[in-house]
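Subject: Structure handover and notes

Hi,

Here is the structure we talked about. Please look it over, then read the notes below.

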Amino acid sequence: MDEYHKNLLVEPSMQPLHAPNEASKQPSALEGCRSQVPVQFYSGVDKPIGCFHAAIQELIVIDDILSALVGIDGRYISIRRVHGKDDTVSFQVDASMDLALQESAKRIFPLCESYILISQFVESRSEFKSGLVNHAFAAALRTLLLDYQAMVAQLEHQFRLGKLSVQGLWFYCQPMLGAMQALTVVIKKASASNFIGSAVLNLLQSQAKAMAGDHVVRSLLEKMSQSASQAYLVILERWVYEGVIDDPYGEFFIAENKSLQKESLTQDYYTKYWQQRYSLKDDIPSFLANAAETILTTGKYLNVMRECGHCIQVPVAENTKLTMVGSNHRYLECIKAAYDFSSGELLNLIKDKYDLKGKLMSIKHYLLLDQGDFLVHFMDIAREELMKKPDEISVEKLQSLLDLALRSTAAVADPYHEDLTCCVEKTTLLKRLIELKDLQISQIIGNDDLEEPLSITGLETFSLSFKVQWPLSLVISRKALTKYQLIFRCLFHCKYVNRQLGAAWQLHQGLRRLDKQGIAISVSSLLCRNMLKFINSLLHYLTFEVLEPNWHVMDSRLQTAKSIDEVLQHHDFFLDKCLRECLLLSPVLLKKLETMKSICLQYAAAAQWLVTYSIDAPKTDSPELDKYNKLKLRTRSQTQKVTADNATVIESILKFERKFSAELQSLGPILSSSSRAEPYLTHLAQWLLGVGSD
């Protein structure tokens, strides 16, 4: 029993303050009056109390008050209970009672009321549905009521000895009154709002702070808060030490959304598994408010390891258990130690056992085209399939061709090359970007620009993907892979345009070697060179100005990361920055570049117009020379005959040149205006706008 309760208990030898010093030597006046009390008083036949002498009335009132102190009706004092949302208790006294006695009794009635209300609260909150915190709070209140009942019993003992007056009764009840009334305020608020869990703890702590001027009452409320929080700390211990929520009544301030499964990380772009599988509720205990995020994260880390099959538990000594520490700063120390342990263990698990860096390097090789030898071979053997419309493409055939390309190149040495898969999207890159609502698109374009071209093929919609297992899917989620795929589609199409222009350039060089040069070839060669310079400059910017520098920054940050959340933050920042600097978040610029690439492809496809098959080409022993002899310009002796054809060819070339130059010139103002807000565009402008300066 605490010191406060001991002070409240009445010792049997204590006497009323007004009793004379000779009381121990001779019978008290009250005891003498008690012998004069009519037999009817004790036999239960009541008369109006005013019929009795004042001294006898005092004895009767004391007896009734002692009964009322434990919630029992007396002869002349009755208790009226009103049950409802706000339980109330009122007391009625016999109107004929001495006025002085009435006033004395009314001073003690608030204590009687508090006992009754607290008793009702203890009974109601001991029910199964009330929750662990209410159960613990009710148990603490029940202990307090036992002390209170002991005090009443001792007062009754004094009364039976004839040593207790109304003033003495008030003297002994008064110290308990403030504490009981403070508890009554708490239980009324808790009952009115049906508080459970954190709300009860916050209510107790706020009420304790409000009673800062009364040290005794504040100590009692703090003890009640500590007792009630023990059940809560048991739940908290399992979360921060094991990553398990053992919360049968939904009292814990961390909510678990069981509908979100870890498999959604690899399937759903918009999944919020890491953010919403476990989340904070609004009602957080005030003594844990500053550490709420740390507590949430600690349990999440342990939960991840547990779902990996690593049933790891934070090492904890007996004196560092949350239920054993006694102050707020010790709570924070224990929680911080648990966080540091779980964070380090999970980070080491993902980095070492699951080889996060190796997986990211493989993604860089394939999706960011860091090692493009497999892509060259793949484009050679899959060109025919990729030229089809997306609905007509066999993904299974593409996958087999991709596997063949991987096994035939240096990629076979990559331990994760078997995790690479291919897929074919249904929309263009620009439309896919607009569909992803969470991307911070900087500019809005019209619906006309989003219309799918009629000639869309697999070359515009082909993409690669990667198989990622838990727990790496936390970092390389479906969302992250989608962003990698957007960058890959941009690079892949640029590589394809570069490849087609390269083939056209080889055709021109072959004709030059065979001395089959003319005006059309010269004009076409210059245009082809400018287009190649444009696409090579774009590829150089995307790879060496954007992807490589940002990758090295991310890699260095990942090496110094201290938690999986920092890893997620650095990885997401890398992807978002690459998307922005690769112009994928600038639809106007991206649309302009797509138009220019389309012109380049049209020109590359039309390059065969520059040559015609020679009718009188001499046979040679060289297959390569025969090939080029079949593709040559008309000879001078045939000039007059094909003048109209030459003019048409040159006009077609000039038409391509005018369209390309116009698009390139219109790109300048867009880059200049955008570079003010996005400085990285200055580098792109330097590379691209120098294309036509020759």
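At roughly what angle do the axes of helix 7 and helix 9 cross, and within what distance do they come? They cross at roughly 45° and come within 9 Å. The crossing is right-handed. On the helix 7 side, the contact is made by G178, A179, A182, L183 and V186. Helix 9 supplies V217, L220, L221 and M224. By class, that contact has 8 nonpolar residues, 1 polar and no charged.

One caution before the rest: this is a predicted model.

Helix 7 and helix 5

Helix 7 covers residues 166-193. Helix 7 also packs on helix 5, residues 99-125. Here the angle is about 40° and the axes lie 8 Å apart. Helix 5 and helix 7 are therefore oblique to each other. This crossing is left-handed. The contact has 18 nonpolar, 5 polar and 4 charged residues.

T184 is a residue to look at in helix 7. Is T184 buried or exposed? T184 counts as buried, because its relative accessibility is 7% and the cut-off for buried is under 20%. Leaving out residues up to four places away in sequence, T184 touches S114, L117 and I118.

Helix 8

Helix 8 runs over residues 198-210. It has 13 residues and reaches 18 Å from its first C-alpha to its last. That is close to the 18 Å expected at 1.5 Å a residue. How many of the residues of helix 8 are buried? The count is 10 of the 13, so helix 8 is largely enclosed by the rest of the structure. The buried stretch includes S198, A199, V200, L201, N202, L203, L204 and Q205. Q207 and A208 are buried too. What do these buried residues pack against? Their partners are helix 6 (132-160), helix 7 and helix 9 (215-242).

Helix 4 and helix 6

Helix 4 spans residues 54-68. It has 15 residues and reaches 20 Å from first C-alpha to last, close to the 21 Å expected at 1.5 Å a residue. Of its 15 residues, 14 are buried, so helix 4 is largely enclosed by the rest of the structure.

How do helix 4 and helix 6 pack? The angle is about 160°, with the axes 10 Å apart. The two are therefore roughly antiparallel to each other, because the angle is over 145 degrees. Helix 4 passes helix 6 in a left-handed crossing. From helix 4, the contact takes L59, I62, D63 and L66. From helix 6, it takes V152, L155, E156, F159 and R160. The residues divide into 6 nonpolar, no polar and 3 charged.

Sites further along the chain

H493 is in helix 18, residues 478-513. H493 is buried, with a relative accessible area of 7%. Which residues does H493 contact, leaving aside neighbours within four places in sequence? They are L459, E460, E594, K597 and L601. The C-alpha atoms of H493 and T461 are separated by 9.0 Å, and the two residues are 32 residues apart along the chain.

S563 sits in the loop between helix 19 (519-560) and helix 20 (564-581). S563 is buried, at 4% relative accessible area. Not counting residues up to four places away in sequence, S563 touches Y301, Y339, S343 and L347.

Q559 lies in helix 19. Is Q559 buried or exposed? Q559 counts as exposed, because its relative accessibility is 52% and exposed means over 50%. Q559 touches K351 and K357, with residues up to four places away in sequence not counted. Q559 and K351 are 208 residues apart in sequence, yet 9.5 Å apart in space, C-alpha to C-alpha.

Best wishes

Note on methods:
Residues numbered from 1 in each chain as written. Predicted model: local features only at pLDDT ≥ 70, side-chain atom pairs only at ≥ 80, totals over all residues. Heavy atoms only, no water. Helix = DSSP H or I, 4+ residues; strand = E, 2+ residues; numbered from the N terminus. Buried < 20%, exposed > 50% of the residue type's maximum accessible area, 1.4 Å probe, protein only. Contact = heavy atoms within 4.5 Å. Expected span 1.5 Å × (residues − 1). Axes fitted to C-alpha atoms, helices over the stretch in contact; angles between N-to-C directions. Parallel < 35°, antiparallel > 145°, perpendicular 65-115°, else oblique. Left-handed = near helix turned anticlockwise from the far one by under 90°. Nonpolar A, V, L, I, M, F, W, Y, C, P; charged D, E, K, R; others polar.
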